[in-house]
Each structure stands twice: as C-alpha cells, then as structure tokens.
Amino acid sequence: SSHMVHQDALVASSSPEEEESRGMDIDSTSSISNNEETSQTTTTQEQTEEEEEEEKPKYQVKSTPLTSHFTTQIRHTLTCDSCCYSRSHVEYYNHLSLEVMEEEDGTSSIEEGLRKFLAEEKRELKCEKCYHESATQKMEIVKLPKALLLHLKRFIVDFSPCYTNVSYRKNRSAVEFPQALSLYNSSHSSPSSAGKAVVVPMEEENVNGVLGEFLARDVIIPSMSSMASTTENDTQDDDEDDANVTQEDDMEEEEDGDNNDEVSIQRYSLRSTVHHIGSTASCGHYTADALRPYNNDDDNHKKKSQNNDAQWTRFNDSYVSTISDSQATGLSAQRTTYMVMYELQ
C-alpha cells in the first residue's frame, strides 16, 4: 500500500508539469499555425504588389517642369560579346553633351555629334555568366522631351605628358545646326504611326532624321495635346473667352485626328541658342538668341501665339534687339554657339 501511495504521489507531483508541457505544445502548434497564416498573407500581399508593379507604366519619373520639358530617357543595354547575355537600365538626361571636332579635322554638326553620342561602344568588363571580358553597349531613346537641349563641349582640358600641368582652352570650330531634326527613319515605321499610314512631307526629305535612327520600338513621344495643355497653363492671363475658343479648336482638331487614318511625322524645330563670346576658356560673355513670335498690334498681345511669323531676338544682358536669320545661324554664330535648344512640333 505504501508503494501505491508513493506512486500516486509521483503521479500527483508530475501532473502540473505535464499539463504545462501540454499547454506549451498547444501554444507552439497555434503559433506555427499563425505563422503559416501570416506567411501566406505576406506572400499574397507580395504577389499583389508585384502584379500592381507590373501594371505601372515603365520609365515613370516624378513630373516637374524640368522633367516634363527637358528630360530625355535613354536605355543603355550591355551585351556580352561571347554568350550574348544582356542587361539594361534607363538613364535620365536634362541635356546631351556633344563632341566638337577640331577645325583641322573637318566641320562639326549637330547630327554627327548626336550619332557619336548614341553610337554603339565596346566596353571592357567581365560578363556575369561566362566571365568574358568584353561587351557592346547600345543606347536607344525610350522617352523624348518636349524641348531637346544640346550642349557643345567647347572647353577642353589638356594635360602635360607627366600630368603635372593642366591647361584649358576653347574649341572655336564652327558647328552646323539645322533648322529641324526629324524623328522619321525610313528603316522602320514611325513609333507613333501604329496602324496608320505615315505621311512624309516633300520638304521632310531635306530634314535630317538622325534621332529616328536611335528611337526604341517602345519610345514615348510627348503628345501635342499635352504640350498644348502646358502652353495653356503658362498663359493663365488670357481671357476666358479666348481660352474657350482655343479649347473648342483643340477638340475639333482631335476629332479630325481621330477620323484621319494618316499621321504626320513629328520633328524638333530650332528655337534658341546660347553663345559664349570669347577666345579662351577662362573668360568670355554669354548671350542668347531666341526665335520669338511678334505681332504688329502691341495692344493685341494675347494673339502672339496665333501668329506664325517669328523673328530672331538677341538677349545681351539688358539689351534686347531683333537680328536677321544669318546673324542667328550663320558662320559667325556657328563658331560661338555653346548650347542649342529644339522644340517638338
């Protein structure tokens, strides 16, 4: 009987621990179950976020006056020369810096500068897959700006053979800049002409299509309607009646465009230039020339935008004067031009 009492005592003393152990097992099982549910919920949320991310438009960037007008998006693609493995990323440019040839090497031009800037390039780097040590870099434009700003690299840094002395000089070679840069490329259809016939004006044959050579298939080109809305926002002082007339005209043009099975090629037109007046890189003076619309009736200031007549105007500090086309785009201007701006038309 004493043995039975002792056994009962052992059972009685071990019961709370066993119950606590059972409780821990239950809590652990419940915790695991909750973790599994949380993991499943997290996975579902991640999948949903990934799906939403895929639905977002590509090349999205925060919209500011600077980005909406001047930012060009260019896709850089590196392809291994051995296994052809490729990877790409998009870079943003508020202006494109173009090389200027030395005068003895020939005449420079905006077109050749753009071709050199966007040309394919051999790069020495190790492939992630096959460890080959060379690749080809290709650049293509995936989004065009409303205003294309081009910078000419006139200021040159020279180093002595032993790199102890540094000197600066200015390249005063003439750089030819055309009146227009076309987006048309005969090798493939215009990106904005899907399903429609492309209309190429006769004068377009004389307009250089260098930009069309480097447009991506999925390129984004600012629509004329968005540019018109920006212009309307910039002219908030206009009367409501004039604004309503403008909106009605825009609606009629849109309706006509929807019913039209043909599209015209867009292009950039020369709008303004910046000049550096000076023979060296250490000193000089900056002026600006702009193609501005004028109206003879000063009281009818609000109708300037409707006047197709425009004249070159020079801004030299506080002195503003009108100049001729030859003064704005002639040889003398080509030797001092530092920046050129084209506007999408």
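Predicted model: local features only at pLDDT ≥ 70, side-chain atom pairs only at ≥ 80, totals over all residues.
At 64% relative accessibility, Tyr163 counts as exposed. Tyr163 sits in the loop between E8 and E9.

## Around Tyr163

The ring of Tyr163 has a partner. Phe159 and Tyr163 form a tilted aromatic pair, 5.8 Å centre to centre, with 45 degrees between the planes. Both residues also belong to a nonpolar surface patch.

Arg169 and Asp158 meet through their side chains in a salt bridge, at 2.5 Å from N to O. Arg169 lies in strand E9 and Asp158 in strand E8, so this pair ties together parts that are 11 residues apart in sequence. Arg169 counts as partly exposed at 32% relative accessibility. Asp158 is also partly exposed, at 25%.

The structure has four aromatic pairs. One of them is edge-to-face: Tyr93 and Phe117, with centres 5.8 Å apart and 80 degrees between the planes. Tyr93 belongs to strand E2 (residues 86-93) and Phe117 to helix H3 (residues 110-118), so the pair ties together parts 24 residues apart in sequence. Is Tyr93 buried or exposed? Tyr93 is buried, with a relative accessible area of 17%.

Rings also gather in a group. Phe155, Tyr286 and Tyr338 are linked by ring pairs into a cluster. Another contact brings a charge to a ring. Lys129 lies over the face of Tyr85, 5.3 Å from the ring centre.

## Salt bridges

Side chains of opposite charge can pair when their charged atoms come close. Across the whole structure, a search finds 11 salt bridges. Three of them are set out here.

| Salt bridge | N to O distance | Strands |
|---|---|---|
| Arg75 and Glu140 | 2.9 Å | E1 (residues 72-80) and E6 (residues 135-143) |
| Arg169 and Asp158 | 2.5 Å | E9 and E8 |
| Asp289 and Arg314 | 2.8 Å | E16 (residues 285-293) and E17 |

Start with Arg75 and Glu140. The side chains of these residues meet in a salt bridge. Arg75 lies in strand E1 and Glu140 in strand E6, so the pair ties together parts that are 65 residues apart in sequence. Arg75 is buried, and so is Glu140.

The bridge between Asp289 and Arg314 has its closest N and O atoms 2.8 Å apart. This pair links distant parts of the chain, 25 residues apart. How buried is Asp289? Its relative accessible area is 0%, and Asp289 is buried. Arg314 counts as partly exposed, at 24% relative accessibility.

Strand E17 (residues 310-316) and strand E18 (residues 319-322) pair in the antiparallel sense over four bridges. Asn316 has Tyr319, in E18, as its bridge partner.

How many of the eight residues of strand E19 (residues 337-344) are buried? Seven are, so the strand is largely enclosed by the rest of the structure.

E19 pairs with strand E7 and with strand E15. Strand E7 (residues 147-153) runs antiparallel to E19, over five bridges. Strand E15 (residues 267-277) is joined to E19 by seven bridges, and this pairing is antiparallel too.

Leu148 stands opposite Tyr342. Leu270 also stands opposite Tyr342. In a regular strand the side chains alternate between the two faces of the sheet.

Technical notes
Residues numbered from 1 in each chain as written. Heavy atoms only, no water. Phe/Tyr/Trp six-rings, centres within 6.5 Å; stacked < 30°, edge-to-face > 60°. Helix = DSSP H or I, 4+ residues; strand = E, 2+ residues; numbered from the N terminus. Buried < 20%, exposed > 50% of the residue type's maximum accessible area, 1.4 Å probe, protein only. Lys NZ or Arg CZ within 6 Å of the ring centre and 35° of its normal. Patch = residues over 30% accessible without salt bridge, like charges linked within 9 Å, V, L, I, M, F, W, Y side chains within 5 Å. Areas by Shrake-Rupley, 256 points an atom, 1.4 Å probe, with all protein chains shown as cover. Salt bridge = Lys/Arg side-chain N within 4 Å of Asp/Glu carboxyl O. Pairing = 2+ DSSP bridges.
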